[in-house]
Amino acid sequence: MKKLFLPLVLVGILLATLLVSQSSTGSSLRVAYVDVKKAIGNYQKWKDLNEKFKRDSSFYQSKLKEMEDELKKMQEEGRPQEEIQAKQKEILTKKTEYENLLNSEYQPKFQEIINEVVKKIQEYASVMGYDLVLTNEIVVYGNPAFDITEQVIAYINQQ
């Protein structure tokens with residue numbers, strides 16, 4: 001709770017400062033908020049990459065399942081404990097290897113897409129004349145009229 005309090009206070013101070021400065025200059029402040037997670041989740045590039053990730057993950061899971069079936073067969077045949085332990089160790093090693101492969105391949109790609117969506121949100125805000133766009137995670141209350149998530153999703157998927 002303490003971790004959330006300071007950012008909220010800072011955002012409140014920032015908004016108050018902006019509102020005071022805008023009212024003194026006579027121009028109106030255009031503010032909106034976006035559900036960034038929803039925007040990313042609905043971005044076609046994210047969906048495509050996520051599907052590819054799931055396919056690769058399923059492939060590695062099937063390989064591990066084959067190894068686990070071999071282990072089960074070894075246990076049923078009454079193989080020596082050393083062989084069974086070696087197979088268990090091999091399975092654990094492969095599981096870690098597969099997880100590392102998936103992470104090293106997909107983590108940078110997912111991060112690239114996140115950065116791309118954030119950049120597109122910034123572009124959209126600039127084009128539409130917004131002065132401030134917040135993420136819905138830091139908005140304590142937001143009138144739904146200021147939620148531009150659906151418009152952002154349409155914008156990022158048209159490009």
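Partly exposed means a relative accessible area between the buried limit, under 20%, and the exposed limit, over 50%. Keep that scale in mind for this tour of a predicted model.

**Stop 1: the whole chain**

Show everything as a cartoon. The protein has 5 helices and 2 strands. Follow the chain along its sequence and the pattern reads α-β-α-α-α-β-α. Of the 159 residues, 25% count as buried. Residues 24 or more positions apart account for 82% of them.

**Stop 2: colour by confidence**

Colour the model by pLDDT. The average is 87, and 83% of the residues score at least 70. Then select residues 20–25. Here the pLDDT is below 50, and the stretch has 3 contacts in the model beyond near neighbours in sequence.

**Stop 3: the nonpolar core**

Which residues have the most contacts inside the largest nonpolar core? Select Ala39, Val117, Ile148, Val152 and Ile156. The core they belong to has 28 residues. The elements that give two or more residues to this core are β1 (31–34), α2 (36–41), α3, α4 and α5. Helix α4 gives the largest share, 11 residues.

Stay with Val152 and show its neighbours. Leaving out residues up to four places away in sequence, Val152 touches Val34, Ala39, Ile121 and Tyr124.

**Stop 4: Asn157**

Move to Asn157, in helix α5 (residues 149–158). Is Asn157 buried, partly exposed or exposed? Its relative accessible area is 33%, so Asn157 is partly exposed. Show what surrounds this side chain. Asn157 touches Asn42, Tyr43 and Gln44, again not counting residues up to four places away in sequence.

**Stop 5: Met67**

Select Met67 in helix α3. Why does Met67 count as buried? Its relative accessibility is 9%, and buried means under 20%, so Met67 falls in that class. Show its contacts. Met67 touches Lys87, Glu90, Ile91 and Lys94, not counting residues up to four places away in sequence. Pick Lys94 from that list. Met67 and Lys94 are 27 residues apart in sequence and 9.4 Å apart in space, C-alpha to C-alpha.

**Stop 6**

Lys94 is partly exposed, with a relative accessible area of 26%. Glu97 is partly exposed too, at 35%.

**Stop 7**

Next, select Lys52 and Glu105. The two side chains form a salt bridge (3.8 Å, N to O). This pair links distant parts of the chain: Lys52 sits in helix α3 (residues 44–76), and Glu105 sits in helix α4 (residues 81–128), 53 residues apart. Check how open each partner is. Lys52 has a relative accessible area of 33% and is partly exposed. Glu105 is also partly exposed, at 33% relative accessibility.

Salt bridges that share partners join Lys52, Asp56, Glu105 and Lys109 into one network.

**Stop 8: Glu77 and Arg79**

Select Glu77 and Arg79. What distance separates nitrogen and oxygen in the salt bridge of this pair? The value is 3.2 Å. Glu77 has a relative accessible area of 44%, so Glu77 is partly exposed. Arg79, at 36% relative accessibility, is partly exposed as well.

**Last look**

Zoom out and show every salt bridge at once. How many does a search of the whole structure find? The search finds 12 salt bridges.

Note on methods. Residues numbered from 1 in each chain as written. Predicted model: local features only at pLDDT ≥ 70, side-chain atom pairs only at ≥ 80, totals over all residues. Heavy atoms only, no water. Salt bridge = Lys/Arg side-chain N within 4 Å of Asp/Glu carboxyl O. Helix = DSSP H or I, 4+ residues; strand = E, 2+ residues; numbered from the N terminus. Buried < 20%, exposed > 50% of the residue type's maximum accessible area, 1.4 Å probe, protein only. Contact = heavy atoms within 4.5 Å. Core = buried A, V, L, I, M, F, W, Y, C linked by side-chain atoms within 4.5 Å. pLDDT = per-residue confidence, 0-100.
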